[in-house]
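Subject: Handing over the two-chain model

Hello,

Here is the structure I promised you. Please have it open while you read my notes below.

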Amino acid sequence: MQSTSRHFNSNARKGIADAKLQAALSKLSHGFPVKRLAAMARLPEFEALRDDARDIKEHTLANLGTYLEIYEAKVLESGGHVHWATDAADACEIILGICRDVDAKTVTKGKSMISEEIAVNEYLENNGVQPIETDLGEYIIQLRHEPPSHIIAPAIHLSKEQVAETFRGEHRHLQTGRNLDEPRTLLEEARGELRRKFIAADVGITGANMVIAETGTSIIVTNEGNGDLTQTLPKTHIVIASIEKVVPTLEDATTILRVLARSATGQEMSVYNTFSTGPKRPEDLDGPENYHVVMLDNGRSKMLGGEFHDMLRCIRCSACLNHCPVYKAIGGHAYGWVYSGPMGAVLIPGLQGLAETHDLPGASTFCGKCEDVCPMRIPLPRMLRSWREKAYAARLGSTKARFGLAAWAFLARRPSFYRPIMAFGVGLLALIGRRGRFSTLPLAGGWTASRDLSAPEGTTFLSQWKRGKR
Amino acid sequence: MGPRELILGNIAKSLKESALSPSSRQEIETRLSAHANNTVPRRGQGENEAQTALFIAEAERVNATTERLDGLEQVGEAVLRYLASHNLPGSVKVAPHPLLENVDWSKHPTLDVARGRAEDSDQASLSVARAGVAETGTLVLHSGPECPTTLNFLPDNHIVLLPQSQLVGAYEEAWEMLRGDSNAMPRTVNWVTGPSRSADIEQTLLLGAHGPRRLHILIINDKKTT
Ligand code: SF4
């Protein structure tokens with residue numbers, strides 16, 4: 001989709017003023033984060049698994065070219081095809097080409113953030129192929145022509161009444177007076193509608209949570225089972241992956257799956273983890289006859305090894321969004337593109353450059369919660385700080401923001417000033433905030449002018465960090 | 001230069017300019033063929049009976065139902081009972097699996113048994129799991145002529161036969177079983193943990209999104225053959 005990240009500040013203000021959005025977002029804190037804590041409590045090895053997961057990805061990234069070549073050879077060996085795409089336009093063209101080769105009319109799709117990134121739906125539609133999103137949330141936002149507002153719960157910004165309205169507008173062949181009051185009836189209606197489409201589709205497109213070098217396997221993780229119907233029923237299965245998704249072995253993928261679901265929804269394991277290797281074997285009774293992998297770069301190879309390298313470890317679990325006071329205040333659409341929250345504020349400038357996105361790194365209170373909860377131990381606050389400094393150095397942004405940044409950058413580079421000042425600020429704010437909220441925050445005027453932020457609970461992130469309380 | 005060479009070239013350039021230390025090709029090959037375990041949670045470890053109890057508890061936590069049977073001769077009866085308890089017609093699509101060929105279906109004339117892949121009209125299916133993982137109550141199923149993948153996703157009611165001897169503590173043990181079966185991966189390996197669900201509308205958790213609404217696991221005691 002067309003990015004509107006340059007309008008971040010006004011997008012954010014709109015989000016804050018949107019009552020329906022605020023009602024939807026207010027549920028977030030009681031859902032995923034609570035379940036995540038419960039799942040962690042049941043698994044004493046959770047912290048060790050996080051270390052392992054980080055190390056696996058770091059090792060793979062340090063040898064990325066080698067692992068991708070090995071992965072590619074394995075896919076070919078199992079009868080599949082690998083197509084390399086340097087950017088979104090390349091990837092879209094490759095996918096359309098495959099669809100045309102099999103004379104595809106309709107394409108079902110499993111949920112894929114890469115597919116959102118390259119905006120392949122629009123491209124296929126403009127070229128006479130009809131894409132149908134099948135994940136419930138993606139289906140809803142596709143009907144509404146909206147981008148996802150959350151990386152794993154794309155329709156989290158909507159109420160059931162809004163979904164009902166959308167379904168009434170779209171499913172016109174159904175009775176007009178039907179009851180669509182409850183999430184259950186909405187789900188049943190979508191299930192009924194999509195069943196026929198699963199069966200009629202010529203091509204199924206899925207993303208890949210990971211790909212495995214050892215075996216040439218791609219993995220999808222879902223709860224609904226839509227991804228599996230998407231990739232099992234049509235004759236052709238296309239996987240859209242990006243270069244940083246590769247891991248060495250089945251065991252390595254397993255370790256990452258153990259932290260993924262727990263960090264995301266607080267499930268011990270997602271309902272369906274599916275490992276796909278090549279097309280159906282000749283003797284199999286079902287499965288696709290063709291298996292294609294589109295391997296996308298789109299700016300990632302340039303991030304490798306640099307200041308924002310750590311972001312390439314991201315497994316798109318959404319824990320950083322679910323715990324971010326800024327995300328929970330403004331919602332995902334404010335970020336102006338398909339990614340959002342702390343991971344979006346780091347990744348979007350990384351993929352699109354800072355010129356149009358320089359306000360995004362400001363979307364942080366530096367509370368440090370995102371890094372605390374990130375299963376891959378990605379130093380999100382550090383990278384947000386780096387982007388801010390770059391934006392300042394390049395003289396991007398409004399004078400007001402730049403003045404704040406100048407003061408902030410001055411302090412941040414002089415830890416001996418920064419810490420006591422922030423500690424003083426936090427102490428003061430905890431006082432005026434009276435357990436919970438405050439409405440002015442030094443150096444963050446742009447934020448608090450329109451919004452109360454959660455008051456810090458006692459100590460700064462830095463002082464907690466120093467005491468090893470992470 | 002094609003896109004492949006461009007991308008691999010950019011990767012090589014970035015790595016060269018970075019402080020990262022790459023491994024040798026030999027080290028990577030060794031790591032791949034060793035496919036060593038990382039941290040494996042202890043919770044799945046123990047005697048087969050304890051693992052079975054954990055498997056049942058974990059599967060039921062995520063809304064699967066389970067039933068323990070003393071042998072294959074009880075399977076037909078169990079399937080009939082299950083279908084009746086949910087007011088379903090007495091018909092089931094069965095995986096053409098050797099284990100299920102040993103079930104004497106003729107003893108149950110009221111049960112209509114068809115073999116093969118699932119069709120949209122099938123309301124219930126019966127397949128065989130390659131393994132069960134106690135850690136999270138997860139079933140491991142894989143594609144092949146004996147176990148079509150559509151059986152796991154199309155019908156509303158999925159019944160799975162799990163021989164108790166195939167129950168392991170951790171996913172890693174299931175990978176070892178698959179590696180022992182064949183030196184190539186099947187087209188599809190499915191880890192299934194409970195029936196299908198979605199929380200995409202107002203974060204309300206609902207069962208039965210696109211896959212099966214119900215998952216019923218028959219654990220067969222197959223250890224008394226000594
Ligand atoms: S940055 Fe970390 S917490 Fe955020 S989505 Fe990525 S892996 Fe999850």
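How many helices and strands are there in chain B? Chain B has 6 helices and 12 strands. Helices (H or I, at least four residues) and strands (E, at least two) are DSSP runs, numbered from the N terminus.

Some ground rules come next. This is a predicted model, in which local features need pLDDT of at least 70, side-chain atom pairs count only at pLDDT 80 or more, and totals for chains, interfaces and linings use all residues. Residues are numbered from 1 along each chain as its sequence is written, chains are lettered from A and ligands numbered from 1 in the order in which they are written, and side-chain values use heavy atoms, with hydrogens and water left out.

**The two chains**

Chain A comes to 23 helices and 12 strands. Of its 470 residues, 63% are buried. Buried means under 20% relative accessible area, exposed over 50%, and partly exposed in between (1.4 Å probe, protein chains only). In chain B, buried residues make up 55% of 226. The C-alpha atoms of chain B fill a box of roughly 70 × 45 × 35 Å along the principal axes.

Contact means heavy atoms within 4.5 Å. Take the contacts in chain A between residues at least 6 apart in sequence: 72% join residues at least 24 apart. For chain B, among contacts between residues at least 6 apart in sequence, that share is 74%.

**The sheet in chain A**

Chain A has an open sheet of 6 strands. Their order is S1-S10-S7-S4-S2-S3, and the pairing is parallel. Two strands pair if DSSP finds at least two bridges between them. Strand S1 (81-85) and strand S3 (130-133) of chain A are the edge strands, each pairing on one side only. From one strand to the next, the twist averages 25°. Axes are lines fitted to C-alpha atoms, for helices over the stretch in contact, and angles run from 0 to 180 degrees between N-to-C directions.

Now the pairings. S1(A) and S10(A) run parallel and share 5 bridges. There, His81(A) has His292(A) in S10(A) as its bridge partner. Strand S7 (residues 236-242) of chain A pairs with S10(A) over 7 bridges, also in the parallel sense. Ser242(A) is partnered by Leu296(A) in S10(A). Strand S2 (residues 106-109) and strand S4 (residues 203-206), both of chain A, are joined by 3 bridges and run parallel. Lys109(A) has Ile205(A) in S4(A) as its bridge partner.

Why is S10(A) described as largely enclosed by the rest of the structure? Because 6 of its 7 residues are buried.

**Where chain B meets chain A**

Helix H5 (residues 64-77) of chain A packs on the sheet. H5(A) touches S1 and strand S10 (290-296) of chain A, and its direction makes about 140° with that of S1(A). Helix H1 (residues 3-17) of chain B lies across S1 and S10 of chain A, at about 65° to S1(A).

The axes of H5(A) and H1(B) come within 9 Å and cross at roughly 150°. The two helices are therefore roughly antiparallel to each other. Angles under 35 degrees count as roughly parallel, over 145 as roughly antiparallel, 65 to 115 as roughly perpendicular and the rest as oblique.

From H5(A), the residues that meet H1(B) are Leu64(A), Gly65(A), Leu68(A), Glu69(A) and Glu72(A). H1(B) brings Arg4(B), Leu8(B), Ile11(B) and Leu15(B). By class, this contact has 5 nonpolar, 1 polar and 3 charged residues. Ala, Val, Leu, Ile, Met, Phe, Trp, Tyr, Cys and Pro count as nonpolar, Asp, Glu, Lys and Arg as charged, and the others, Gly among them, as polar.

Pro3(B) is also in helix H1 of chain B. At 35% relative accessibility, Pro3(B) counts as partly exposed. Leaving aside neighbours within four places in sequence, Pro3(B) is in contact with Trp84(A), Thr86(A) and Asp90(A).

**A buried arginine**

Is Arg300(A) buried or exposed? Arg300(A) is buried, with a relative accessible area of 1%. Arg300(A) sits in helix H14 (residues 300-303) of chain A. Beyond neighbours within four places in sequence, its contacts include Glu117(A), Ser242(A), Glu244(A) and Tyr339(A).
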